Amino acid sequence: MSEISLDGRVAIVTGAGRGLGRAHALALASRGATVVVNDRGGALDGSSDEASPAEQVVAEIRAAGGTAVADTNDVSSLEGATSIVELATSMYGRLDILVNNAGILRDKSFAKLTEEEWNPVLAVHLGGTVWMSKAAWPAMVEQGYGRIVNTTSAAGIFGNFGQANYGAAKAAIWGVTKTLAIEGARHGIHVNAIEPGARTRMTENLLGEYADRLDPSLVSPVVAWLSAEACETTGEVYNVGGGRVARVVIAQTPGYFSAALTPEDVRENWATLNDPAGAQVMVSFQREFEVLVGMLSAEAAIDAGT
């Protein structure tokens with residue numbers, strides 16, 4: 001089997017000074033990509049208290065024979081995102097890969113949540129994903145090629161105590177990923193997302209005895225594959241961690257149908273419509289609608305036969 005090569009490709013990885021972002025940057029560089037290592041530095045809540053560690057990652061890449069440049073722009077505004085993309089295109093002439101990884105945490109129970117905890121988290125996670133993709137879009141459309149890898153989270157899929165802000169941002173990234181995949185298809189732009197499980201500053205106090213087995217480097221191989229030209233997948237989300245990779249899907253139970261639905265119908269059939277037995281994956285809203293149309297058609301046929 002031939003090795004996956006990213007020779008000649010130019011990549012941007014946001015939040016790449018530590019943890020997952022650092023691992024992604026190193027992985028892409030090891031496969032031949034030129035990498036713009038974006039990181040503002042600072043504390044976990046997004047406040048600045050130190051110089052960016054981006055230069056350290058750049059030094060690691062260069063020491064291994066790769067090509068990289070550091071960037072400290074803020075991803076949470078279109079202006080900052082545009083500056084990052086312009087650095088890549090002005091220095092290297094193109095942009096092929098964008099890995100949206102930057103994020104901060106300001107956990108607080110919903111009862112105590114304030115705008116100071118809500119707005120910055122949405123701005124960096126969701127805003128950073130949107131504005132970076134927006135800034136990269138014209139370059140990718142012009143060259144008829146692009147790979148975007150976003151970062152969602154279990155908190156955005158299942159929820160988590162004290163993370164209404166983080167969960168909302170990560171859930172929205174799922175929707176952005178699906179939409180950009182649809183819009184990017186005709187331009188050769190593939191957009192996917194990962195739901196990672198790894199030992200980082202955000203998770204180191206949550207993983208207990210398994211922390212040492214959840215190295216960020218075990219997530220990056222999926223990012224490298226999704227960044228490759230040979231990967232034709234788009235619009236998907238993958239759970240990745242500790243060496244395991246799995247596709248995350250939206251599924252629906254067979255449900256209950258009545259053309260004259262009443263609250264009592266819902267009550268009496270609640271257990272049935274909640275039963276996951278026979279659930280099927282829904283890959284689009286068209287497929288979801290087809291299921292309903294099938295039931296409506298069957299009902300019409302029954303009515304016509306009476």
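Predicted model: local features only at pLDDT ≥ 70, side-chain atom pairs only at ≥ 80, totals over all residues.
Local features require pLDDT of at least 70 and side-chain atom pairs count only at pLDDT 80 or more, whereas totals for chains, interfaces and linings use all residues. Residues are numbered from 1 along each chain as its sequence is written, and side-chain values use heavy atoms, without hydrogens and water.

The largest nonpolar core has 33 residues. A nonpolar core is a set of buried Ala, Val, Leu, Ile, Met, Phe, Trp, Tyr and Cys residues joined through side-chain atoms within 4.5 Å. Buried means under 20% relative accessible area, exposed means over 50%, and partly exposed lies in between (1.4 Å probe, protein chains only). Ile-12 and Met-132 have the most contacts inside this core. Two or more residues each come from E1, H3, helix H4 (115-143), helix H6 (164-184) and strand E6 (189-197). The most come from H4, which gives 9 residues. Helices (H or I, at least four residues) and strands (E, at least two) are DSSP runs, numbered from the N terminus. In soluble globular proteins, nonpolar side chains tend to be buried together.

Ile-61 is placed in helix H2. Ile-61 counts as buried because its relative accessibility is 2%.

The structure holds 9 salt bridges. A salt bridge is a side-chain nitrogen of Lys or Arg within 4 Å of a carboxyl oxygen of Asp or Glu. One of them joins Asp-96 to Arg-9, with the closest N and O atoms 3.2 Å apart. This pair links distant parts of the chain, 87 residues apart. Asp-96 lies in the loop between helix H3 (78-92) and strand E4 (97-99), and Arg-9 in the segment before strand E1 (10-13). Both Asp-96 and Arg-9 are buried.

A salt bridge also forms between Asp-74 and Arg-40, at 3.6 Å from N to O. Here too distant parts of the chain are linked, 34 residues apart. Asp-74 is in the loop between strand E3 (68-71) and H3, while Arg-40 is in the loop between strand E2 (34-38) and helix H2 (54-63). Asp-74 is partly exposed at 26% relative accessible area, and Arg-40 is partly exposed at 41%.

In the salt bridge of Arg-247 with Glu-236, the closest N and O atoms are 3.0 Å apart. Arg-247 lies in strand E8 (residues 244-248) and Glu-236 in the loop between helix H7 (220-226) and strand E7 (237-241), so the bridge ties together parts 11 residues apart in sequence. Arg-247 is partly exposed, at 43% relative accessibility. Glu-236 is buried, at 15%. Elsewhere, salt bridges with shared partners join Arg-9, Arg-94, Asp-96 and Glu-229 into one network.

Arg-9 also has a ring contact: its charged end sits over the ring of Tyr-145, 4.1 Å from the ring centre. The criterion is NZ of Lys or CZ of Arg within 6 Å of the ring centre and within 35 degrees of the ring normal.

On the surface, Phe-289, Leu-292, Val-293 and Leu-296 form a nonpolar patch with about 340 Å² of accessible area together. Accessible areas come from the Shrake-Rupley method with a 1.4 Å probe; for residues, only the protein chains shown count as cover. Patches are made of residues with over 30% relative accessible area and no salt bridge, with like charges joined within 9 Å and nonpolar side chains (Val, Leu, Ile, Met, Phe, Trp, Tyr) within 5 Å. Leu-296 belongs to helix H10 (residues 285-305). Leu-296 is partly exposed, with 42% relative accessible area.
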